[in-house]
Amino acid sequence: MKRLGAAVFVVLIVVQMLGGASSAKTLSVILLSNASTQNVIQGMLKEYHQQHPDIDFEISIIPDSKLLAKLNTLVTAGQFPDIVEVTTAKIQNYAYPALDLAKYTDRNEFLSRYLPGYQPFIVSGDKVIGVQIEATANGLFYNKDLFAKAGVSVPQNENEIWTWEQFKETVQKVMKLPECRMGVAWDCSVQRFSNLIYQANGRWVSANGKSFLPDSQPAENALNFFRGMVAAKLIPTSSWPGKTDGGMLFKTGVAAMLWSGNWQLRGFISGGMPFAFGTTYFPKGAMRATCPGGEFLMGFEHSANHDDAAQVLLWWAQPATTKEYLEKLGGSLLTPMRNQEINYGKYTEYLQPMLSDLAATPTWVSEDLARPVVNLTQDDVLDELILCATGRVSAQKAVVDLRNIGTAELDRENQEVSK
Amino acid sequence: MSTPETISSADAKSSLTPARRSKWGSRLAPYLFLLPTVAMLFIFSIVPLLYGMWMSLYDFDIVHGRSTFVALQNYWRLLHDPQFGLSLLNTAWYTLSVVPLILVASIAIGVYLKKSTVARLIARVGFYVPFVLSPVVVATSWKWLLNEDLGVLDGFLKWAGMGTIPWLTDDNWARISVIGATVWNLVGFYMLMVLAGLSQINPDLYEAAKIEGASAWRRLWHITLPLLTPTMLLIVVLATIHATQAFETILLLTDGGPAGATRLIIQNMYVSAFTRLQPGYGVAQAILMLPLICLVAWVQMRVFRKAGAL
């Protein structure tokens with residue numbers, strides 16, 4: 001009897017194992033915790049599962065601040081996830097272990113689907129390292145009520161775009177109102193400051209990737225303008241150097257403007273704002289520019305199910321899938337794809353100035369932002385920017401220091417490459 | 001006649017074996033009991049430590065998927081890294097401020113709240129609540145409280161006709177704010193330890209001292225504090241561990257800023273390993289901290305041994 005019981009048990013185990021082996025493959029997916037997007041992405045993956053019942057997903061959601069620690073631990077341990085969601089700043093860091101989608105599809109045809117301004121983020125040498133699921137652009141918001149009370153208007157079209165000085169004067173005028181306690185709530189980040197470098201026609205890394213801050217003058221101009229804004233208290237100290245989220249400060253209704261990006265729109269509109277707000281064009285320095293960016297899905301060459309992951313990524317890279325995802329989000333995020341009509345719905349009027357800034361931004365800006373060195377040095381660069389913005393070092397000295405920081409990292413990178 | 005001999009030798013064998021067995025068993029038993037702990041210590045402490053030492057001799061380049069043996073170069077680089085020096089200094093002042101403040105505050109609160117009246121029980125809960133809050137809640141609350149533009153504290157100072165204080169945006173004020181937030185966060189936990197220590201003190205001692213005419217201060221100085229010494233040792237050791245491991249609250253409150261003024265060694269390691277993607281360099285900092293922490297622990301033990309707490 002005992003033997004019979006044991007035999008039945010063994011048979012059951014074998015059947016279970018065989019059943020398990022023949023059931024759906026499970027791909028491990030890491031998503032960023034984001035109230036706006038995480039559920040929609042999961043919904044899209046469910047849709048893929050319905051279309052391909054042999055593929056299932058095991059999804060972990062982690063905050064962006066913990067992604068690097070998690071991903072680096074997995075990468076160094078050789079336990080690559082099948083699919084991971086990353087932001088602009090991080091995708092190029094993982095170009096080497098990334099799954100090359102060019103092995104699964106026609107590289108040129110694939111890239112031709114995307115706007116030139118977004119292509120640099122997903123290309124590394126000959127490799128195509130990911131799929132851009134949504135596009136972002138930095139943008140300038142203003143408090144309509146405060147502007148109306150101050151009797152000041154914002155540019156209504158591209159011909160009325162402010163210069164930096166006009167922008168500064170306008171903010172000063174609005175700040176004369178007793179209820180306006182802050183000028184421009186400006187996110188304390190390297191990416192948001194980069195706007196000014198590009199508007200000054202400068203760049204972080206030379207076109208050949210060999211030198212950091214190749215042109216001193218544009219960088220000095222940007223730094224001087226910025227520290228002038230901070231010194232005049234037009235940028236609140238709780239933003240720079242206080243690092244309080246600009247969106248939170250703007251929501252209080254006592255800030256004239258917000259220098260942030262289109263990702264704020266969904267929260268502002270669905271959460272309800274206690275005042276009327278609008279968006280306008282970025283001021284121009286030597287030229288007009290914004291910072292393109294977005295979110296991406298990528299796979300890894302050595303993940304357990306990389307072939308299946310590639311198929312999922314290619315599915316998402318179809319224009320119809322990208323469109324469906326963006327429209328499910330309600331239209332607050334931009335499409336990275338060429339010739340794609342998206343119904344931005346209630347966000348249309350807010351996105352219009354940002355799309356205009358984006359169209360005026362040269363492609364090299366994205367190439368510059370996509371350089372790994374810009375991300376790898378961001379903590380040191382931000383510290384130096386804070387020292388300069390708060391008047392503790394001159395713009396000239398800051399440029400020298402920033403160049404040293406970037407050059408050290410580029411040297412390390414070049415050394416590694418040569419080894 | 002040989003049979004009895006055989007029998008007796010067999011008896012001898014059978015009588016010796018259990019004795020030997022029990023002797024070996026009693027010798028082995030302590031080691032067997034220790035084995036799980038030693039194994040855990042080996043797997044989770046010794047192996048990672050050795051692995052960390054090995055890692056610190058390499059320059060890992062995650063971006064390009066390479067690792068290069070650089071011997072002691074990471075350590076050499078540390079000696080010339082001003083950010084590392086600053087974070088070491090920051091950790092020193094943070095620990096030297098937080099530990100004594102926690103010790104003094106927890107004893108003061110514990111002694112004051114020793115009697116179990118309703119009001120004091122409520123106050124105990126009030127002091128303990130911050131400890132059970134998540135670091136995110138603690139940091140966010142303090143960040144808004146100390147906000148220079150919209151914060152309650154600066155709002156009050158403005159209302160009172162005084163200037164604002166750059167709580168989080170000036171190097172020194174940011175350090176003070178970080179210390180304040182940490183002490184507020186942890187003091188409730190240590191207060192409980194003090195209360196537990198106080199409950200062990202015989203009330204007759206206070207009664208006798210009172211009869212002898214000793215003032216409250218003298219009773220505190222000559223009875224409470226000496227008898228609380230073992231608790232104080234524990235508080236100092238635990239608070240030092242807390243201080244050297246401080247990370248989340250500071251990261252969320254100041255992000256190590258302004259310009260690195262509140263960046264402690266743990267955050268510096270994190271930035272090196274995970275933001276700059278140089279895990280070898282990050283681990284080298286941890287390895288270098290090891291003798292420093294051992295030194296601090298040794299000094300603490302010496303001081304308390306002299307004071308008779310050990």
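A: A polar contact here is a pair of N or O atoms within 3.5 Å; within protein, one must be able to donate a hydrogen and the other to accept it. Keep in mind that this is a predicted model. Between chain A and chain B, 12 residue pairs are in polar contact, both residues at pLDDT 80 or more.

H3(A) gives the largest share, eight residues. By type, the side of chain A that touches chain B splits into 17 nonpolar, 13 polar and 13 charged residues.

Now the charged pairs. Five salt bridges link chain A and chain B. One joins B:Arg263 to A:Asp383, with the closest N and O atoms 3.3 Å apart.

Next, the extent. On chain A, 43 residues are in contact with 34 residues of chain B. Together the chains bury about 3300 Å², and 52% of that is on carbon and sulfur atoms.

The largest nonpolar core has 145 residues. Those with the most contacts inside it are A:Phe110, A:Phe167, A:Phe193, A:Trp204, A:Trp240, A:Met257 and A:Trp316. Take A:Phe167. Beyond its neighbours within four places in sequence, its contacts include A:Leu140, A:Trp162, A:Phe225, A:Met257 and A:Pro283. A second, separate core has 47 residues, among them B:Trp93, B:Ile179, B:Tyr190 and B:Tyr206.

Technical notes: Residues are numbered from 1 along each chain as its sequence is written. Chains are lettered from A and ligands numbered from 1 in the order in which they are written. This is a predicted model: local features need pLDDT of at least 70, side-chain atom pairs count only at pLDDT 80 or more; totals for chains, interfaces and linings use all residues. Side-chain values use heavy atoms; hydrogens and water are left out. Contact means heavy atoms within 4.5 Å. Buried area is the accessible area (1.4 Å probe) that two parts lose on being put together, summed over both. A salt bridge is a side-chain nitrogen of Lys or Arg within 4 Å of a carboxyl oxygen of Asp or Glu. A polar contact is a pair of N or O atoms within 3.5 Å; within protein, one must be able to donate a hydrogen and the other to accept it, and residues adjacent in sequence count only if both atoms are side-chain atoms. Helices (H or I, at least four residues) and strands (E, at least two) are DSSP runs, numbered from the N terminus. Ala, Val, Leu, Ile, Met, Phe, Trp, Tyr, Cys and Pro count as nonpolar, Asp, Glu, Lys and Arg as charged, and the others, Gly among them, as polar. A nonpolar core is a set of buried Ala, Val, Leu, Ile, Met, Phe, Trp, Tyr and Cys residues joined through side-chain atoms within 4.5 Å. Buried means under 20% relative accessible area, exposed over 50%, partly exposed in between (1.4 Å probe, protein chains only).
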